[in-house]
Amino acid sequence: MTDDIHALPQDIVEYIDRCLAGPHGESYLIPVLQQVQNRFGYLPRPLMDEVAHRMRIPTAKVTGVATFYHFFSFTPRGKHRVTVCMGTACFVRGAGKILDRLKDLLGVAEGETTADGLFTLESARCLGTCALAPVVVVDDALHGNVTTGDLEKILKPYGFKGKGETG
Amino acid sequence: MSGRKMIELEIDGVRAEAAPGMTIMQAADAIGIRIPRLCYHPDLSILGACRICIVSVEGMKNPVASCSYPAAAGMKVRTSSPELRRLRRDIVELILDNHPRDCQTCERDGNCELQNLAYSLGVRERYFEGERKRYPRDTSSCAVIRDPEKCILCGRCVRVCEEVQGVTNLSQQHRGFSNVVAPAFDDPMADSVCIQCGQCVNVCPTAAFTERRSTDEILDALENPGLHVVVQTAPSIRAAVGEGFGFVPGTPTTGKMVTALRMMGFDGVFDTNFTADLTIVEEATEFLKRLETGERLPLITSCSPGWISFMERFYPELIPNASSCKSPMSMMSTLMKTYYAGQKNLDPEKIYTVAVMPCTAKKFEAERKEHRAPWGAPYTDAVMTTREFIWMAKCLGVDYAGLPDGTFDSPLGESSGAGAIFGATGGVMEAALRTAYEKVTGAACPDLNFTMVRGVEGVKTATVNLQGTEIRVGVSNGLNNAKTLLDKVARGEETFHIIEIMACPGGCVGGGGQPYPPGGTYVLSPELTRLRAQALYSIDADMALRTSHENPSIRALYESFLGEPGGRRAHELLHTHYEPKEPRGIR
């Protein structure tokens, strides 16, 4: 699915053209990269090259900006993002064990994606819902007061088939 | 500056004056107070990255970086105090703690700015111990080696690559402890838009960028009894090599250089100035042909391999305009393995050709597939920079300063003053004009000094009248200046008949392989390149023979071997071609 991403979608091309038509067009690099990342889940290399050429920003500078921010990723993310809050409240209520259990279930380390491309496991620093600690977020759905025993049930609707059957 | 009121301030109790906009560091320099510095470079933008140059200003809570802080009226500055010395010392030690402890075996041992600074700031003990960054050396390029573990993130290479060369191959990638200077995508140098000019090597205070050394293979060749090892020396190196042996910049040491090479064991010592003359004859022929037909004008010179790489990546549409002439180095190597081999009755495959060049990109040129002999070997077997030559002479115990003057071997050693000035920006143009004048007008050129194309300014333009034929010429050095010139042509604001482009600031005298300048001076300094250029112009002025086409050895070469200038044999041996290269640069 990711190998055929070789050209920027038309709407992002048009967005770049609009940015460049105004003053300081090159200062829109981050919003442009955000659009690419939001569309594809990561920054495919051919598109970074295309952004650089279209915005006339040397490629080394584009990757310099992209590698500075943790938000941007150069490798494809899974279809679903599983985020464990590691903020103080969640941490004291066992988020570490939750994260360990998820690593075990999915067979990946933090920041990695399962081989079937279904899940990417990440951690976050406080999501601001401390009353529900510990918290796990799958895509946009928040699950509060999670225990290690809940995890398989939480992942099931997203296609999780059980430990060892993925990844 | 005139009419603008000078600012008065006090530095270490001494009254100082500064023009508006001047920094504290500049004001201190003017009164002989040299504030320690590291990332600062006078010919690059101000970054303020290293904080070595901190000073205290009365009334301000924290020290400020004097390289970037503007001088202000009434300011009271202290450049030295126990507190400032301790802070500077600690900053340097923190840099050292994230740096390999291999000074004794390092390429820059003895001329490393970090090493010198640590010594001068009194870092005699180590108080800190921390994690050290670990990166593999990037040895992918045939010319420029990148060693990120030695990088102190001063950003000079990033600045020179962008601000002087307009290449912007290097940028700081990643963040915090992982911050590293690298090409886009952390790609190896060989797969990047790098044009191998070596200016990053020139400005690097440590050994994070160095040239790929060729000295070992050259020393091996010299020991091989089955090889006939010959060497050629570029026009510009004779103006700079003396700096490595204590001569003041601008002292030409041609005769000593020749003697040194002979002592080092080379079987023949030849002069690239000879093929500089040959280049002029070929290029003038090519130019006049194009002038006649009006096709592919402006003609753009092709001697600078950094420029050729730049053109192939950044201006591929100009490839038809570039002269098809090989560079003087490649012409010489080709003749060594053809003409010279025939004359000496040598098997060309047993001739090992070495070129001493002011240039890292020449290493790349030597490896180009276009410059291979029909039997597969490169015409140029090895290229060493001026720096490598200096090292090798010292390694072999050559007492350079005391050497008697030697002379180049014949017939590839005789040259005109026109060949000598190739090493300075505008020199190729001047040499070409001397010959073109005669070819166009049929008369001898009344004044051989085309001073309008001399000087280290980044861009020079002139109209030269060849008895009725007006020739519009453009000259640039430093590729950002080339961009300025070429973009004006592209926009139709300027038209030229012929353009000389040299990749490096000042031309080859400021090449990426030239000696590291003595402490306190900087390699891009126009003053340094001006002095080196002056040495070349003085060689030219002292010569009786000052036009390339009148060089008797060149004439003999055409008569006995090459045939006509621009003819079939000349084309086969002395001309080349270029092609667009990926990744394409962004300009």
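This is a short chat about a predicted model and some of its local features.

Visitor: What should I know about the model before we start?
Guide: The model is predicted: local features need pLDDT of at least 70, side-chain atom pairs count only at pLDDT 80 or more, and totals for chains, interfaces and linings use all residues. Residues are numbered from 1 along each chain as its sequence is written, chains are lettered from A and ligands numbered from 1 in the order in which they are written, and side-chain values use heavy atoms, with hydrogens and water left out.

Visitor: Chain A, then. How many helices and strands does chain A have?
Guide: Chain A has seven helices and four strands. Helices (H or I, at least four residues) and strands (E, at least two) are DSSP runs, numbered from the N terminus. Along the sequence the pattern reads α-α-α-α-β-α-α-β-β-β-α.

Visitor: What box do its C-alpha atoms fill?
Guide: Roughly 55 × 35 × 25 Å, along the principal axes of chain A.

Visitor: And what share of chain A is buried?
Guide: Buried residues make up 43% of its 167 residues. Buried means under 20% relative accessible area, exposed over 50%, and partly exposed in between (1.4 Å probe, protein chains only).

Visitor: What about contacts between residues 24 or more positions apart?
Guide: They account for 61% of the chain A contacts with a separation of 6 or more. Contact means heavy atoms within 4.5 Å.

Visitor: Pick a helix. Which residues of H3 in chain A are buried?
Guide: H3(A) covers residues 45–55. Its buried residues are A:Leu47, A:Met48, A:Glu50, A:Val51, A:Ala52 and A:Met55.

Visitor: What do those buried residues pack against?
Guide: Three helices of chain A: H1 (10–21), H2 (29–40) and H4 (59–68).

Visitor: What follows H3(A)?
Guide: A:Arg56 does. This residue has a positive phi of about 55° although it is not a glycine. A:Arg56 sits in the loop between H3 and H4 of chain A. Its relative accessible area is 56%, so A:Arg56 is exposed.

Visitor: Over to chain B. Which loop holds B:Leu153, with its positive phi?
Guide: The loop between strand E6 (144–146) and helix H4 (156–164) of chain B. The phi of B:Leu153 is about 60°, and the residue is not a glycine. B:Leu153 counts as partly exposed because its relative accessibility is 25%.

Visitor: Now cis peptides. Where are B:Pro298 and B:Pro411?
Guide: B:Pro298 is in the loop between helix H8 (272–293) and strand E12 (299–300) of chain B. The bond from B:Leu297 to B:Pro298 is cis, with omega near 0°. B:Pro411 is in the loop between helix H12 (386–395) and helix H13 (417–420) of chain B. The bond from B:Ser410 to B:Pro411 is also cis, omega near 0°.

Visitor: Helix packing next. How do H9 and H15 of chain B cross?
Guide: Two packed helices are described by the angle between their axes and the distance between the axes. Here the axes of H9 (residues 305–314) and H15 (residues 479–490) of chain B come within 11 Å and cross at roughly 55°. Axes are lines fitted to C-alpha atoms, for helices over the stretch in contact, and angles run from 0 to 180 degrees between N-to-C directions.

Visitor: What is that angle called?
Guide: H9(B) and H15(B) are therefore oblique to each other. Angles under 35 degrees count as roughly parallel, over 145 as roughly antiparallel, 65 to 115 as roughly perpendicular and the rest as oblique.

Visitor: Which residues meet there?
Guide: B:Gly306, B:Trp307 and B:Phe310 in H9(B) meet B:Leu479, B:Lys483 and B:Leu486 in H15(B).
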